[in-house]
Amino acid sequence: MRTSVARTADEVHDALGADDRTRLRELLLRMVLVVDDGGRTVRRRVPVRELDLVADLLGRLAAARLVVVDQDEAQLCHDSLLNAWPHLRDWIADDRAGLLARRRLGDAADGWHEAGRPESGLYRGDQLASARTQLAGSGGTLPMRPVDRDFLRASGRAEHRTRNLRRAAVSVVTVLALLATTLAVLARGAQRDAESRATILLANQVAARADAMRERDPQTALRLALAAYRAARTPATRSSLYAAYLTETPVEVSAGHREPVLNLAFSKDGDVLATSQRRGRIQLWDISRRNVPVKAGTLKLKGSAAIAFHPRARLLAAQTATELALWDVTDPRRPERLAARGIPEGTTYTLGFAPDGRTLAAGSAEGRLRLWDVSKPSAPLLRTDRTVASAALISLAFRHDGLLVTGNGISGTGAAERPGEVRLWNVRDRARARLLDTATTPSVMAVAAHPTRDLLVATGAEGKMAWWTVEGGRRLKGVEPEDEWGRAWGYGSDLPSLSFRPDGERLAAASNGSDGGARLRETVETGAELLGSQAELGTARAGGPAQSVAYSPDGRHLAVGDMEGRVRVWPQRAPAPRLLGAMTDGDPGTSPISGDGTLMVAKGTETTQVWDLRSADTAEGADPRLRFALPKPWEARYFLPGTDRPVLMAHRWTEGTEDHAFRLWDFGGDAKRPPVPGAEIAVKASDVRTAVSADGRLLVVGGWAAGTVQVWDIRDVRRPVRRATLPAVPVAGWESLFFLGDRGLAVVDRDEPGRGRPMDLRIWDLTDPAEPVKGPLLKDAAVGQAGYVPSTRLLMHDAPAQRTQLWDMRDIRNPGEAALLPAASGGYQPVGKGVLATTLTDGTVKFWDVSDPYKPREMDEMRFDRALTDIRPSPDGRWVLTGDSYRIWAAEKDGRWRTPAIATVEGVKDLKLLPDGSPFMAVVPDGDLEGRYSKGLTYLIDFDTDRIYHRLCTTHPLSVEKKQWKALLPHLDHRPSCD
């Protein structure tokens with residue numbers, strides 16, 4: 001690899017001219033970090049925006065795979081490039097002092113900036129002179145970072161002032177004593193500032209390391225995030241803490257024995273985990289505190305063993321090639337051997353108890369099936385010992401009705417080769433096992449039986465997968481996929497172990513390929529959908545290629561054993577309080593959260609549900625409580641705005657027809673009783689669109705292809721009344737119909753009927769909903785996006801050349817055409833009283849005082865590294881969210897944002913701030929992210945990160961071990977995660 005990297009680098013270098021080679025040297029040295037005075041170097045991430053002047057070279061290097069560009073940052077492809085390529089090695093050697101100086105300058109400048117740019121944190125005297133000397137003449141193509149440049153300038157100014165003070169002090173003896181005292185105070189302050197700056201630097205480095213590790217090692221990432229936050233509360237450490245709080249974090253155990261974990265088994269209560277490895281080592285773990293596993297007893301047998309726990313007692317069975325043994329592990333620290341029975345030699349691959357715990361089945365080499373009577377664990381009796389297949393029985397599983405499923409791989413060679421086989425057995429009479437049916441499949445490495453349905457599954461080499469239904473309790477019928485792709489799971493890795501979650505809704509398969517871990521899929525569908533790619537949920541990662549998987553009896557944890565002797569026990573959720581279902585999104589001016597912040601509507605897999613958020617608690621880890629599930633097929637997306645009690649708007653559609661209905665549900669009564677439903681509002685249309693007034697008293701509804709919309713008075717939830725019918729042109733999208741406050745309505749229209757796409761907005765005055773007054777037509781107001789600001793009574797819509805047009809709607813019947821402001825399409829949002837924020841595609845945000853919409857005044861401007869696609873002020877105006885990577889800002893009274901941002905919440909699809917002083921934000925994770933497998937959930941995260949920190953320290957109290965810390969962060973002293 002080193003030779004290949006060097007050769008590729010030489011090819012890029014030799015193809016450049018002299019000037020470009022100089023630029024190449026500067027670019028690559030920018031990506032090198034000198035770690036210490038000994039000259040050790042590592043790769044350095046560089047924001048792409050700092051490399052605009054050498055974008056052409058960056059593109060060449062990325063195309064040659066010498067540089068990786070990811071998430072707006074660039075870095076060298078591999079550490080080997082630092083030493084493998086002679087040119088870069090020589091450049092580093094020639095400029096090692098300069099690189100070290102630049103690294104120290106960067107660290108000092110970042111710490112100075114994080115601490116608020118205090119003068120005490122600047123370079124002085126010889127330190128400043130040395131830095132200037134070492135950096136002098138570097139020039140070149142790449143400019144110095146702005147923060148570094150500011151730091152040096154500020155240091156120079158501070159040094160100049162210090163020299164002046166010293167010259168003045170010499171002339172006045174009486175001032176010397178006072179000056180000495182002052183300098184002593186300043187020195188103490190400088191020392192404190194320096195210590196604070198160093199702590200901030202350390203905390204941010206630890207947080208960055210946590211973020212980099214989160215995907216492949218969430219446990220270590222969480223512990224590092226806690227250590228970083230404990231050291232200093234900074235935007236980076238808060239962001240890392242939020243990320244840990246929203247990440248499913250496994251606990252990893254290792255027996256210190258680098259052999260594959262062949263089998264895993266949970267005790268009936270889930271508090272004991274047994275692992276079996278090669279060479280006859282069985283390790284017991286006390287996991288009664290799930291995140292603080294304790295190594296318990298160790299069992300040593302004569303050879304590798306298959307293991308299984310009794311379904312009703314803490315009884316562990318293990319069978320090797322020569323012996324069956326049973327242990328009482330009531331106390332996992334002191335397991336008691338109850339019995340041992342010798343058997344004819346032959347490798348044992350699989351072991352399992354029947355549901356009643358009275359029969360133990362074992363599969364061995366040469367197709368050998370053994371059935372043991374373990375009614376009396378201290379005296380097991382072998383009832384069946386026979387060859388049932390021409391290849392080793394490598395997997396078996398009992399069905400919920402006691403029938404046994406066995407699987408064996410390919411047998412024979414050449415023309416005599418036979419495919420893998422799956423057999424169904426009746427073993428109620430242990431002495432006379434009766435074969436019921438046999439099915440074949442290209443490859444079998446593992447079999448599993450659905451815990452509640454008549455389904456069997458087998459997986460094998462290269463991701464092969466097959467499903468069968470059990471008909472009449474005795475016949476196997478294959479489930480046919482829609483196409484050949486449905487006969488495989490994933491991308492070709494072997495799948496040697498299977499485990500169903502006890503509720504039967506998920507299946508885990510060990511994957512021993514490069515994507516090492518447990519592949520997961522939903523198993524709630526029927527027929528070909530069981531095999532479809534849409535059922536795949538992602539991967540619960542292991543430390544390496546996985547060999548075994550097992551769900552805990554309560555289904556809350558999944559253990560994954562890898563080839564290196566490690567086991568990760570994955571929870572089925574992140575630590576944050578959660579509710580089942582994804583938070584919905586509604587029409588403009590509405591919210592999935594009730595106005596008092598107590599209820600939330602979420603879309604579950606089967607129904608729409610309303611959750612009571614008042615029971616959520618960070619300190620206790622308590623989840624919201626399910627308040628109500630709408631009866632099928634009703635669905636809902638939002639609560640009415642402006643009402644004095646929570647009222648939910650629900651919609652029902654009869655599939656295959658144009659029959660729609662709307663219904664209001666009043667949640668204002670007793671929380672222990674179901675909500676009160678209102679009368680149905682029937683609509684006949686191919687599709688529907690709705691709008692609700694700001695006070696929640698009027699509903700406008702109609703089909704987008706229809707020529708009319710209906711106005712309904714919904715003040716009486718139980719008895720809505722239709723007040724009027726308005727003309728409307730056929731057009732889709734919520735922007736085609738929206739309210740302007742309480743009684744103004746905007747409807748997409750056209751100037752000349754029947755000609756072209758409608759691009760205008762018709763204004764209606766619904767002050768008297770029974771007698772609507774047709775208002776003016778706003779030309780071209782529906783060309784792009786549009787919106788309304790109730791606090792300033794402004795209508796805004798896209799205008800040409802990245803601008804937005806303001807309309808003064810204080811007189812709804814006579815709107816005034818106000819100012820044009822610079823803004824990208826849809827890039828306008830109120831952020832304070834009379835304050836509007838507009839965004840541009842170059843990342844600029846401008847703040848405008850629009851109290852006079854005809855002469856708006858620019859108040860301020862901010863510039864970001866990318867265009868903002870979303871701006872969301874909190875209901876109380878204290879906070880602002882910006883997207884798409886959601887940043888949280890504290891808002892000033894005039895609507896502007898304090899910098900820097902408080903935190904960034906990455907990897908989420910949606911985030912909302914709750915009203916009425918709620919301590920929570922509602923977060924919908926991005927379920928499509930690699931490695932995230934808990935989809936369709938909504939989490940509540942606390943604004944107060946101290947509460948999150950204390951909660952995580954309660955549930956995950958362990959720190960990174962000192963040996964691991966030294967390997968990860970050798971230049972930093974070890975820090976504990978929790979107090």
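Leaving aside its neighbours within four places in sequence, which residues is Arg501 in contact with? They are Pro451, Arg506, Tyr551, Gly555 and Gln572, where contact means heavy atoms within 4.5 Å. The model is predicted: local features need pLDDT of at least 70, side-chain atom pairs count only at pLDDT 80 or more, and totals for chains, interfaces and linings use all residues. Residues are numbered from 1 along each chain as its sequence is written, and side-chain values use heavy atoms, with hydrogens and water left out.

Arg501 sits in the loop between strand E27 (498-500) and strand E28 (506-511). Helices (H or I, at least four residues) and strands (E, at least two) are DSSP runs, numbered from the N terminus. Arg501 counts as buried because its relative accessible area is 12%; buried means under 20%, exposed over 50% and partly exposed in between, with a 1.4 Å probe and protein chains only. Between Arg501 and Pro900 there are 399 residues of separation in sequence and 45 Å in space, C-alpha to C-alpha.

With a relative accessible area of 13%, Asp217 is buried. Apart from neighbours within four places in sequence, Asp217 is in contact with Arg568 and Gln964.

On the surface, Glu482, Asp483, Glu522, Glu525 and Glu529 form a patch of negative charge. Like charges are joined within 9 Å, and nonpolar side chains (Val, Leu, Ile, Met, Phe, Trp, Tyr) within 5 Å; a charge is placed at NZ of Lys, CZ of Arg, CG of Asp or CD of Glu. Glu525 belongs to the loop between strand E29 (517-522) and strand E30 (536-541), and counts as partly exposed because its relative accessibility is 37%.

The protein chain as a whole has 13 helices and 66 strands. Its C-alpha atoms fill a box of roughly 95 × 85 × 60 Å along the principal axes. Of the 979 residues in the chain, 53% are buried. Among contacts between residues at least 6 apart in sequence, 49% join residues at least 24 apart. The chain carries 136 positive and 127 negative side chains, and the centres of the two sets lie 5 Å apart; Lys and Arg count as positive and Asp and Glu as negative, while His and the chain ends are not counted.

Conventions:
Patches are made of residues with over 30% relative accessible area and no salt bridge: like charges are joined within 9 Å, nonpolar side chains (Val, Leu, Ile, Met, Phe, Trp, Tyr) within 5 Å. Accessible areas come from the Shrake-Rupley method with a 1.4 Å probe; for residues, only the protein chains shown count as cover. A salt bridge is a side-chain nitrogen of Lys or Arg within 4 Å of a carboxyl oxygen of Asp or Glu.
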